[in-house]
Amino acid sequence: MNRRHFLTTAFAATAASRLSAQNIAKAAADPAYVIKNKGIKHTLMGWCWKPMDTLVLAKHAKDIGLVGIEGIDSKLYPDVKKLGLDISLVGSHGFAKGPCNPEFGDEVITKLTDSINLAADVGSKKVITFTGMKFEGMDRDKAIHSCLDVWKHVLPLAEKKGITLVLEHLNSRDSSHPMKGHPGYFGDDVDFCIDLVKQIGSPNFKLLFDIYHVSIMNGDIIRRLRIHKDYIGHIHTAGNPGRCELDEHQEINYPAVMQALLEIGYHDFVAHEFIPTWDDPILAETLARSSGSLLMPPAEDPGPAAAASPGPSAP
C-alpha cells in the first residue's frame, strides 16, 4: 500500500472532528493535510489496517501528524518509539477471556500484571481490560464480584507504576463481523461499566469510552461524555454503522463529539479504530485526523482591542 492510499483514509478520520455542523465528505479529503495543533492527541489502532506492515503504517502515521499507535505486537514497541510515536494503549488479556468468568481469573491477573509492567517499561500510561463474555450458568452478581476481585488484585501494582487500567465497553448487537460487535459480551452497557469503575474507586481505573460502541448500545453520546467525564480514561472512534470511516456515510456527528471532549477537558489520546473501506485507507485516516485536530483548547480572551479587529480566518 502506497503513501497516498494511506493518506486518503487518514484524512477522513481526523477531518470528521473539525468544528463544523456536519461530518466531512470523502471528496474533501486532503492527502497533504497534517495536524497543526494539539487539542486532541490523535492515534490509531493497528489491527484495523492489516495486512499493511505495522512499521510501514507507523511511518505513515508519523508523517501525517499522529502522535501514537496501539493494538500492535509489543515486540514492535521499540521500533515504533524510535519513530517518535507513543504507545497510547498497551494490550492485555483480550475480550473473550475476561474476569467475569472465574475460570479465567488467574490468567487475566497474569496478563494484566505483565502488561502493567510492560507499559511502565515503554513509557505508556494505560493498559486495556475487559469484562469478558457471559457464560452458561453465569450468576450476574458473582460475575461482577469476580471482575472486581481481579482488578483490585492488580491495582496496587498499577498505582505503584503510575498506570491506568481502562475498561472497554463493547456492543453486543452487531453480529455481522467478529470485530464490529461482540454478542454475549458482559460489559455491553456503558452505564454498567461506569458503575464498575465507580465500585473500584481508584483514579487508576477508568472507562475506555468507545464512541462507536456507545452509539450502538446506548446513544446520547455527548450527554454521557459530560456526565461521566471524571471516569473517562481513553477514547476510541469509528463510524456507525459498519465500523467505517468518519465520513458523511455514517451517523455519528464527530465534529460535535470532539468539541464536547474539549469542553469536558479531555486532551488525551483519541484512537481511530475504524476498518478502512476506501481504496486509499491512509487518506481516510487523514480525514479522521483533521476532524479533531483542528479543535483547539479555548483560546484566552485577546481583549477588546484585538476583538475589535478581525484577524485571519482559522485554518
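Modeller: Quick ground rule first: two strands count as paired if DSSP finds at least two bridges between them. Helices (H or I, at least four residues) and strands (E, at least two) are DSSP runs, numbered from the N terminus. The model is predicted, so local features need pLDDT of at least 70 and side-chain atom pairs pLDDT 80 or more, while totals for chains, interfaces and linings use all residues. Residues are numbered from 1 along each chain as its sequence is written, and side-chain values use heavy atoms, without hydrogens and water.

Let's take β8, residues 269–272. β8 runs parallel to β1 (residues 41–45), joined by four bridges, and K41 has F269 as its bridge partner. β7 (residues 232–237) also pairs with β8 in the parallel sense, over three bridges, with H236 partnering A271.

Between those two comes helix α9 (residues 254–263), making a right-handed β-α-β unit: with the strands pointing away from you, the path from the first strand over the helix to the second runs clockwise.

The loop between β7 and α9 holds P241, and the N240 to P241 peptide bond is cis, with omega near 5°. R243 is in that loop too; its phi is positive, near 50°, though it isn't glycine. At 2% relative accessibility, R243 counts as buried. Most residues other than glycine have a negative phi, and most peptide bonds are trans.

Terms used
Buried < 20%, exposed > 50% of the residue type's maximum accessible area, 1.4 Å probe, protein only.
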